[in-house]
Amino acid sequence: MLETPETKEDGEIDVFVESLRKCGKTGLHNPYKNPERYTQYGAVLHRAASMMEEKNTNEFFIKLIQRTMPKSYVQAKAEVEVTRKFLQNFGGDNCRFLCRSFQVAGDHVGQYSTGHRFPYGPVAIISPFNFPLEIPALQLVGALITGNKVVVKPDWRVSAVLEQFVRLLLEAGMPAADLDLFNAEGAATERLLRKASPRLLQFTGSSTVANHLTQVLNGKIRIEDAGFDWKILGPDVRDVDYVAWVSDQDAYACSGQKCSAQSILFAHENWVNAGIFDKLKSLAQRRKLEDLTLGPILSWNNEKIQKHLEAVLAIPGAKLLFGGKPLTGHSIPSVYGAFQATAVHVPLKSLLDPNHFKVATTELFGPFQVVTTWKDGELDQVIEALERMDHHLTAAVVSNDAQFLNNVLSRTVNGTTYAGIRARTTGAPQNHWFGPAGDPRGAGIGSREAILSVWTCHREVIWDIGPLPNGWTTPPAS
């Protein structure tokens, strides 16, 4: 379908290194330097949002996403819409409103302190395959409008999507020298990072790679890494069909290839008695390759999936609820996975057993989830399981019982937590923070707070211009 450039020779990499080095620590703009660029980018984003609203452009990006990272039309369309609305949100004067400063009165006349948000200058982004438009677009735009010079490395399998988005930004008036698009494998990317030493890397991907890059860059990194995301169904049961539908979407939309996908479901026995597992099975069985509600799994092949499934089923008391078999009748290459939407029930007691906990809480980046059942008096055990998990990206507490919600929310830390009967684990819209908590390296996306947290640092300027007090004389030594 397409060929992607591969940058791998040192001479080729050096071009990107030199490009980054042209930008100093103060960035391309800041409150004192080239401030007109805030409104310039406001106009760029306004035009880009309008262009993405055009039917042909909108459909082009939807189809391109589907061609590179196969997902249903509805899922691909949502990714395009979130990106377009994000551009709308920061168009016009909102780039400079985003970076507004504040002032505090000093101790005497002529003294005051001013707090500013300053860019880092030369920065880098590594983005994943599963959201080829939304994740890199929102992060790189956030970096650009705050004054940074960006080199962005997308996953090579889906990089055509980001390339087309960059071309759209150029058409909308983005200065061409503000952004470099780097296509390469991991080894070449690491050489670029070591040579260029960007002042910040924003990385979205696996925890293993994130931890390695933390060492490479001496901690100058913000990450959105793995998420073994949980959902608790509380004791109060209502709207069972809706809750089942949301859980199906959370676990299996995009074939489970979302960092926010529902990895484990803690269902109160009241929900089990109401038939939630049967409803989940019926919903899962509607999914098929023909409409891409199930599709190729890009990072796990069937052999690896089957091995993990067998390991979970070996836990005492575990049983297969549905799925568990590879898809048939397709031509998907064996390097990728193609698997039924699958759920395995693991008893809560077995889940908590230290001999089995790691296996049961290993994220399978595909259409797979663990489910377990709890009853009154066992919430502390559920919380214990959550406390022992390593990653805290998204979560959902499905209940309209205010005291139950407060109890769970007060004892958990996931950075993006949905609460209430309509709670979900997936969904990274442009209207709220999306990112992990509990890790000082955690990176958010989408919101004003996320951009400022990731792409700017605080600078305080203390003005002290006098006048001196009447009759001032040099005091004694102190």
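**Cysteines and charged pairs**

The sulfur of C254 lies 11 Å from the closest cysteine sulfur, which belongs to C259, and that is too far for a bond. For a disulfide, a pair of cysteine sulfur atoms has to be within 2.5 Å. C259 is likewise in no disulfide, its nearest cysteine sulfur being that of C254, 11 Å away. The structure as a whole holds zero disulfides. C254 counts as buried, with 3% relative accessibility, and C259 counts as buried too, at 10%. Here, buried means under 20% relative accessible area, exposed means over 50%, and partly exposed is in between (1.4 Å probe, protein chains only).

A word about what you are looking at: this is a predicted model, in which local features need pLDDT of at least 70 and side-chain atom pairs count only at pLDDT 80 or more, while totals for chains, interfaces and linings use all residues. Residues are numbered from 1 along each chain as its sequence is written, and side-chain values use heavy atoms, with hydrogens and water left out.

Now for the charged side chains. Side chains of opposite charge can pair when their charged atoms come close. The structure holds 22 salt bridges, each being a side-chain nitrogen of Lys or Arg within 4 Å of a carboxyl oxygen of Asp or Glu.

One of these joins D178 and R37, whose closest N and O atoms are 2.8 Å apart. This pair links distant parts of the chain: D178 is in the loop between α7 (159–171) and β5 (179–181), whereas R37 is in helix α2 (residues 36–53), 141 residues apart. Helices (H or I, at least four residues) and strands (E, at least two) are DSSP runs, numbered from the N terminus. Both D178 and R37 are buried.

Next, look at R194, which forms a salt bridge with E190, with 2.9 Å between the closest N and O atoms. Both residues lie in helix α8 (residues 186–196), four residues apart, or about one turn of the helix. R194 is exposed, with a relative accessible area of 52%.

What do the side chains of K279 and D241 form where they meet? They meet in a salt bridge, 2.8 Å from N to O. K279 lies in helix α12 (residues 276–284) and D241 in helix α10 (residues 240–252), so this pair ties together parts that are 38 residues apart in sequence. K279 is partly exposed, at 29% relative accessible area, and D241 is exposed, at 53%. Finally, salt bridges that share partners join D10, D14, R191 and K195 into one network.
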